[in-house]
Amino acid sequence: MRRPTVPAAGGPWASFAAVLDTLRSVLRFRAIELDGDRRRLQRAADVGDLRRLAKRRLPAGVFDYIDGGAEDERSLTENTEAFRRMGFAPRVLRAVGDVQPASTLLGRPVPYPLVLAPTGFTRIAHPLGELAVARAAARAGVPYTLSTMGTRSIEEVAAVAPGGRNWFQVYVWRDRGLVREMVERAAAAGFEALVITVDTAVLGRRDRDVRRGFSLPPKIGPETILDGMVHPSWTWRFVRSEPIRFANVVGEAVGDGSTAVTLADYINTQFDPGLSWADLTWFRSIWSGPIVLKGIQTVADARIAADEGVDAIALSNHGGRQLDGAPAPIDLVAPVVDAVGDGLEVICDGGVRRGADIVKAVACGARAAMAGRAYLYGLGAAGEQGVDHVLATMERDVRRTMALLGARDVSELTRDLLAAGGGPTPG
């Protein structure tokens, strides 16, 4: 019986060992990430990646509710395309070793010019819903706007983000006593600003929801069961959580518990289409803090808002979810700022997907940008960590874009840094 051959010293095995030693000296193996959410986020470079992750993780009807817009979704598409068409004219040799993106909003400092927009039914993306978003916003130091249609209450949000800049968004109901009660609760909970949405005389028609048969609470049918099987992690979290409710409307459930109602049917019975400029006097009588009007879409209405003495306006077409064909907010910023001057602060809401979009909005004259879908994609993709990821990525994007533009602070973000022919058209 032959004995196994022992490699001679200095033979091929020694050469192989030397190669391994060389590889070990130049390569470092990445630690295995056991947390699934963190693992997904490691490869999410931007909001578009988070959108794709959310689409895979959420049932189709839930994703389309978050992702969709009104009718043919022209305004939804134009909100982002208008940013993409806008180019830069970067300056060089500007000593940008210490870029400072900090600004002020409603008289208080923000680390970078972003506000988190109000979104309704946030818990359909993740059971923590608004609580996760409020905590992430507080950590990042940016304002968070809680919706009237929120699925976590004013008091719950105040409790989890006591040091945060919490704003409260108001849909004006026919029952003004209920509106007064919510506003008073927001004041008692230390909310900073009141955001009055003014573009919802009626609810826009959202065709994706109609095609999906999307309703709240979700109706159970063969397609629902199949979708739940395809998205087991979402389904498991959903069935283990308490029912989704309008937490700010006296804890009222959506529907009567026995039948599902369409979102449009429910809301259209509550909205007050008689809301007018004269109602601002009533709001001032019940709220002493700053007032922001969200949903301004023309220069003419921006001028009226300035004359009425509101603190800020959010140029917004409701994320393309109301009137299809409404103007993209970024295209309104420059003409509105030219028209109102220093009469009020201008916020650009809609289509923000990157920190570069925030920079473009500020360069056009906005005090800040506002984003909603971006953080919902993060929440749907990886829960609270996903929202943190969106905010951290956007802040890094803002800093990098400013440095590449040659802007050391936000005061240097002017229209001169926008490419000729790439900026908004006055009108």
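This is a predicted model: local features need pLDDT of at least 70, side-chain atom pairs count only at pLDDT 80 or more; totals for chains, interfaces and linings use all residues.
Two packed helices are described by the angle between their axes and the distance between the axes. Helix H5 covers residues 74-85, and helix H15 covers residues 329-340. The two pack at an angle of about 60°. Their axes lie 7 Å apart. Angles of 65 to 115 degrees would count as roughly perpendicular, and those under 35 degrees as roughly parallel. H5 and H15 are therefore oblique to each other.

The contact draws on residues from both helices. H5 contributes Glu78, Asn79, Ala82, Phe83 and Arg85. These meet Pro329, Ile330 and Asp331 in H15. The residues of this contact divide into four nonpolar, one polar and three charged.

Attention now turns to strand S9. This strand spans residues 291-296 and is mostly covered. Six of its six residues are buried. S9 pairs with strand S6 and with strand S10.

Strand S6, residues 193-197, is joined to S9 by four bridges. S6 and S9 run parallel. In this pairing, Thr197 stands opposite Lys294 in S9. Strand S10, residues 312-316, is also joined to S9 by four bridges. S9 and S10 run parallel. Here Ile296 stands opposite Leu315 in S10.

A helix belongs to this arrangement as well. Helix H14 covers residues 299-308. Together, S9, H14 and S10 make a right-handed β-α-β unit.

Conventions
Residues are numbered from 1 along each chain as its sequence is written. Side-chain values use heavy atoms; hydrogens and water are left out. Axes are lines fitted to C-alpha atoms, for helices over the stretch in contact, and angles run from 0 to 180 degrees between N-to-C directions. Angles under 35 degrees count as roughly parallel, over 145 as roughly antiparallel, 65 to 115 as roughly perpendicular and the rest as oblique. Contact means heavy atoms within 4.5 Å. Ala, Val, Leu, Ile, Met, Phe, Trp, Tyr, Cys and Pro count as nonpolar, Asp, Glu, Lys and Arg as charged, and the others, Gly among them, as polar. Buried means under 20% relative accessible area, exposed over 50%, partly exposed in between (1.4 Å probe, protein chains only). Two strands pair if DSSP finds at least two bridges between them. A crossover is right-handed if, with the strands pointing away from the viewer, the path from the first strand over the helix to the second runs clockwise.
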